[in-house]
Amino acid sequence: MKRKILYITFIACTLMCGCSDDFLDKQPLDTINTANYPKTAEELISVVNGAYQPLQWPKLYNLRMWSTDIVAGNSIVGAGGGTDGIETQNLSNFVTQPDNAGVLDLWRGPWPGILMTNIVLETAPNLTIDEDIRDRSMGEAYFLRAHYYFILARFFGDVPLVITPVHSDDDLLPARTSVDQVYQQIISDLLMATELLPTKNSYAAQDVGRASKGAAYGLLAKVYLTLGDYQEAVNAATMVESLGYALNADYSMNFSVDNENSQESIFEVQYASDGGYDFWSNENQASWTSPFMGPRGSNFVGGAYGWNQPTEEFINQYETGDLRKQVTVLYQGCPSFDSKEYQAEYSYTGYNVRKFLVPLSAIPSYDNSPLNFPILRYADVILIKAEALNELGDTSLAYPYVNMIRNRAGLSDLSVGLSQSDFRKAVLKERRLELAFEGQRWFDLIRVQEGQYGLDFLHSIGKSNASEKHLLFPIPQIELDRNPNLTQNPGY
């Protein structure tokens, strides 16, 4: 169902806009065939579906986004050793160069989705179709465009801002737009999405997983927090609260194939078994998290490539009795996995990620995990509100939100009377543990205190060469070579 409704393959995009499977081997901004623009509701929905698909790709949430936890110091690459994952090793050791393959993926990943959203937003207002379908499609497009630009802005800063489809007579070599202007567009798009999107609980079963009003408000809260607009972050988070979301009673329910798109889920990447495509291609619809993160030599999961091995320093952050630990990581003496005991020798660090593993007994092949990937959970929004309230000086009002997260984890309430600084440290620690390996930690490191929080942390764990320039990734050299109007980030 997920595959059929939400992630119709890029063939749909090919029919609608003349792009091809090798799109990402060309200029990220390509020309389109306006004669093939959507003319019916069904065709419009197909283009919208195509706009979701890049979220699934290894260039974004199937690899590169979650591997930023390695860059953030929660874990190491692990894998097969040597040059396996060298691009992520270099990123995490802060010796990145503009030819880094992971950086190129993150730069190129969002652009096809942006192209699809621009087609929808240019075309939909002129179609004589059901008003609800038109409004929803435009709301999805606004949300997805904002999300893709949020990814680009946080990694690269200034990026080309392209908000209309690119035609053959347009400037195909756009310069970078200031990140402040990009954020203005992101906020504008999300505000439009909040007006046009339906609520999550109003979707029919065949449309579960689409962007909703709650997703737009939730992402807006995260954007405002990133920009330091704390009152607006509180306001957006409060809107999410009003829409009926709730924490799952058990933390592990957020990472179960039997509980996807749950009451805690605000927006997640939809994956499916039996996608019918090569596992290593863009069109693949199975998740990489289980085969990549599974412990090598363990026979726990299909694949088991041993990536993303948590560090001892990360493990030591758990308080005694924190129920999230045994859900998040595998460690010597942890509860058995699929009736098998974990051995520290399975990993260079003695630990592996557990929360995204699908047992071999359930999925016997490496290329068929259907486990969705969480982009935004209600727990994240709760912690956003807590952090923003504290930054506004309303620390006493922030305690109940952090305590909701701690109590679900089996922990007692935070001690009352913390200073604003100590409360900030506490909520950031909760974010680190609650959202571990979900691709959130790096962005927390680089946004707090304009990145100084992150640099101080990285230095404390021995990454002494991390410097201010590393708060942004380099613009890929191949893109600079192809587009002389692009400029490089300072220091690269």
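Where is phenylalanine 437 found? I begin the notebook with this residue and then turn to the whole protein.

**Entry 1. Phenylalanine 437**

I located phenylalanine 437 in the loop between α17 (420–434) and α18 (441–447). I note that the model is a predicted one. I then looked up the backbone of this residue and found phi near 65°, a positive value in a residue other than glycine. Is phenylalanine 437 buried or exposed? Its relative accessibility is 0%, so phenylalanine 437 counts as buried.

**Entry 2. Glutamine 440**

I stayed in the loop between α17 and α18, where glutamine 440 also lies. This residue has a relative accessible area of 9%. Because the cut-off for buried is under 20%, I record glutamine 440 as buried. Which residues does glutamine 440 touch, apart from those up to four places away in sequence? I listed Asp69, Lys222, Ile375, Asp380, Arg431 and Leu435. I also looked up the separation of glutamine 440 from tryptophan 66: the two are 374 residues apart in sequence, and their C-alpha atoms are 7.9 Å apart in space.

**Entry 3. The whole protein**

I next looked up the overall figures. The protein has 20 helices and 6 strands. Its C-alpha atoms fill a box of roughly 60 × 50 × 50 Å along the principal axes. Why does the radius of gyration agree with a compact globule? For 492 residues such a globule would have a value near 23 Å, and the protein has 22 Å, so the two agree.

I found that 61% of the 492 residues count as buried. The accessible surface comes to about 17,800 Å², and 49% of that surface belongs to carbon and sulfur atoms. For contacts between residues at least 6 apart in sequence, I noted that 71% join residues at least 24 apart. On charge, I recorded 37 positive and 59 negative charges, whose mean positions are 3 Å apart.

**Entry 4. The nonpolar core**

How many residues does the largest nonpolar core have? I found 149, and those with the most contacts inside this core are Tyr61, Phe143, Phe156, Phe267 and Trp442. Helix α8 (residues 131–156) gives the most to the core, with 15 residues. As background, I note that nonpolar side chains in soluble globular proteins tend to be buried together.

I then followed phenylalanine 267. Setting aside residues up to four places away in sequence, I found that phenylalanine 267 touches Tyr52, Leu55, Phe143, Leu144, Gly209, Arg210, Ala211, Ala215, Pro374, Ile375 and Leu376. Ile375 is also among the residues that glutamine 440 touches.

I found leucine 330 in strand β4. With a relative accessible area of 0%, leucine 330 is buried. Neighbours within four places in sequence aside, its contacts are Pro295, Phe300, Phe337, Tyr342, Gly350, Tyr351, Asn352, Val353, Arg354 and Leu357. I also looked up leucine 428, which is 98 residues from leucine 330 along the chain; their C-alpha atoms are separated by 23 Å.

From β4 I moved to the loop that runs between β4 (329–330) and β5 (352–353), where aspartate 338 is found. Phi of aspartate 338 is near 55°, a positive value in a residue other than glycine. Is aspartate 338 buried, partly exposed or exposed? Its relative accessibility is 27%, so aspartate 338 counts as partly exposed.

**Entry 5. Tyrosine 399**

At 10% relative accessibility, tyrosine 399 counts as buried. Which residues does tyrosine 399 touch beyond four places in sequence? I recorded Leu414, Ser415, Val416, Gly417, Leu418 and Phe423. Tyrosine 399 and valine 416 are 17 residues apart along the chain, and their C-alpha atoms are separated by 8.0 Å.

Conventions
Residues numbered from 1 in each chain as written. Predicted model: local features only at pLDDT ≥ 70, side-chain atom pairs only at ≥ 80, totals over all residues. Heavy atoms only, no water. Helix = DSSP H or I, 4+ residues; strand = E, 2+ residues; numbered from the N terminus. Rg over C-alpha atoms; globule rule 2.2 N^0.38 Å. Buried < 20%, exposed > 50% of the residue type's maximum accessible area, 1.4 Å probe, protein only. Contact = heavy atoms within 4.5 Å. Areas by Shrake-Rupley, 256 points an atom, 1.4 Å probe, with all protein chains shown as cover. Lys, Arg positive; Asp, Glu negative; His and termini not counted. Charge placed at Lys NZ, Arg CZ, Asp CG, Glu CD. Core = buried A, V, L, I, M, F, W, Y, C linked by side-chain atoms within 4.5 Å.
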